[in-house]
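Thanks for asking me to look this over. Here are my notes, as numbered points you can read alongside the model.

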Amino acid sequence: MITYWQQVEGQFTKTKKENVNEAEPLWIDARNITRDETTQLQSEYEIDQESMLDILDPDELSRMEDGEGYILTIVRVPVYDPSAETHYFTVPVGIIIKGKTIITICWTDSEVLKDFGANRIRNVRLTDFPSFIVQIMNRANLNFLRYLKEINRRSTSIQNEMRFEIENTEIMQMLGLEKSLVSFTSSLKSNSLLLEKMRTTRLIKFDEEDIDFVEGVKIDNRQAIEMADTYTNILFGVMDAYSSMISNNLNIVMKKLAIINLVMMVPTFITSFFGMNYELPFQHYSGYMPIIVVTIMCVVSTFLANWILNINRENRKALQTARKITRNQKKKIKQEARRLKKQERGLN
């Protein structure tokens with residue numbers, strides 16, 4: 001979808017293509033772009049096909065380069081999509097400056113660009129294209145920080161649920177958060193290199209005010225990188241801990257099964273031995289004596305197996321301590337998880 005925007009008294013106003021004032025700067029916002037719209041932009045503004053392919057490449061890194069008659073800047077911005085396999089990810093946004101026109105191209109929807117069209121960002125001047133690019137990067141940093149906090153809260157909620165029972169769904173959710181954090185880290189570092197290049201580039205003229213703004217954006221970018229690194233290390237440590245817990249629980253289960261097999265081996269051997277044309281023991285005794293003897297043997301076997309299974313009292317105490325968690329605590333954790341899910345849905 002292609003929309004045309006111009007500023008009227010400092011506010012972005014959507015206009016039709018035929019009503020565009022050519023004397024004023026124009027912002028063309030192309031999001032969820034189709035093949036026909038891509039061809040239209042290429043032919044109308046003489047954009048190279050290679051540049052367009054780079055913009056539409058989901059793995060393209062941030063950079064700034066000089067095209068034939070235009071300046072291309074690619075910035076990576078965060079996106080939240082609850083219907084995607086990985087809810088939080090990053091996409092490239094291509095920014096093309098040609099004459100009095102600035103074009104932003106993204107193959108999916110972007111909350112960063114949506115905020116500009118909704119006039120949620122102050123002090124945006126369409127007459128100053130370098131400042132407009134820095135404003136996009138600044139808004140992207142703020143969204144990075146907000147999404148990182150949401151990822152951390154979501155991770156904490158999943159960990160609370162995994163305290164009671166570890167299921168495959170929760171493990172897959174944690175893996176999805178790991179992917180998001182890795183994607184955020186690489187994109188933030190790529191944007192950091194672009195900010196460094198803006199201070200020394202000759203492609204776009206940045207005045208002193210813009211350079212100061214770039215320095216402030218660099219600080220936010222560095223903070224987001226540190227947060228992403230911290231959350232990534234914490235999440236990796238948590239996943240390693242849960243992997244050890246799963247292995248330990250499996251070892252305990254296998255140990256119990258081995259003990260049960262050893263205890264049941266004796267009666268299995270006896271019944272197999274006397275099933276081969278041998279006289280059964282106690283068959284010459286009258287009354288309930290055979291039944292009493294067999295019952296005593298079964299009770300002894302049961303107590304023996306129970307004693308062997310609970311011979312490690314430390315594990316038994318740990319299980320008893322874990323069972324002391326009250327139902328109210330479980331309800332609070334589930335309520336917190338539901339609240340976080342509602343917040344995530346509200347972002348859409």
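The points below take up the nonpolar cores and then the salt bridges.

1. A word on the basis. This is a predicted model, with local features needing pLDDT of at least 70 and side-chain atom pairs counting only at pLDDT 80 or more, while totals for chains, interfaces and linings use all residues. Residues are numbered from 1 along each chain as its sequence is written, and side-chain values use heavy atoms, leaving out hydrogens and water.

2. The largest nonpolar core has 35 residues. Here a core is a set of buried Ala, Val, Leu, Ile, Met, Phe, Trp, Tyr and Cys residues joined through side-chain atoms within 4.5 Å; buried is under 20% relative accessible area, exposed is over 50%, and partly exposed is in between (1.4 Å probe, protein chains only). F12, W27, I102, F116, F132 and M198 touch the most other members.

3. Which elements supply at least two residues each of this core? They are β5 (71–80), β6 (88–98), β7 (101–106), α3 (111–117), α4 (129–162), α5 (168–200) and α6 (208–273). Helix α4 gives the most, with seven residues. Helices (H or I, at least four residues) and strands (E, at least two) are DSSP runs, numbered from the N terminus.

4. Leaving aside its neighbours within four places in sequence, F116 is in contact (heavy atoms within 4.5 Å) with F12, W27, I121, V124, F132, Q135, I136 and R139. Another core, of 24 residues, lies apart from the largest one and has I158, L177, I225 and M239 among its members.

5. On to charges: the count comes to 16 salt bridges, each a side-chain nitrogen of Lys or Arg within 4 Å of a carboxyl oxygen of Asp or Glu. One of them joins K17 and E44, at 3.0 Å from N to O. K17 sits in the loop between β2 (11–15) and β3 (26–31) and E44 in helix α1 (residues 35–45), so this pair links distant parts of the chain, 27 residues apart. K17 is partly exposed at 39% relative accessibility, and E44 is also partly exposed, at 36%.

6. Finally, look at D29, R31, D109 and K114, which are linked in a network of salt bridges.
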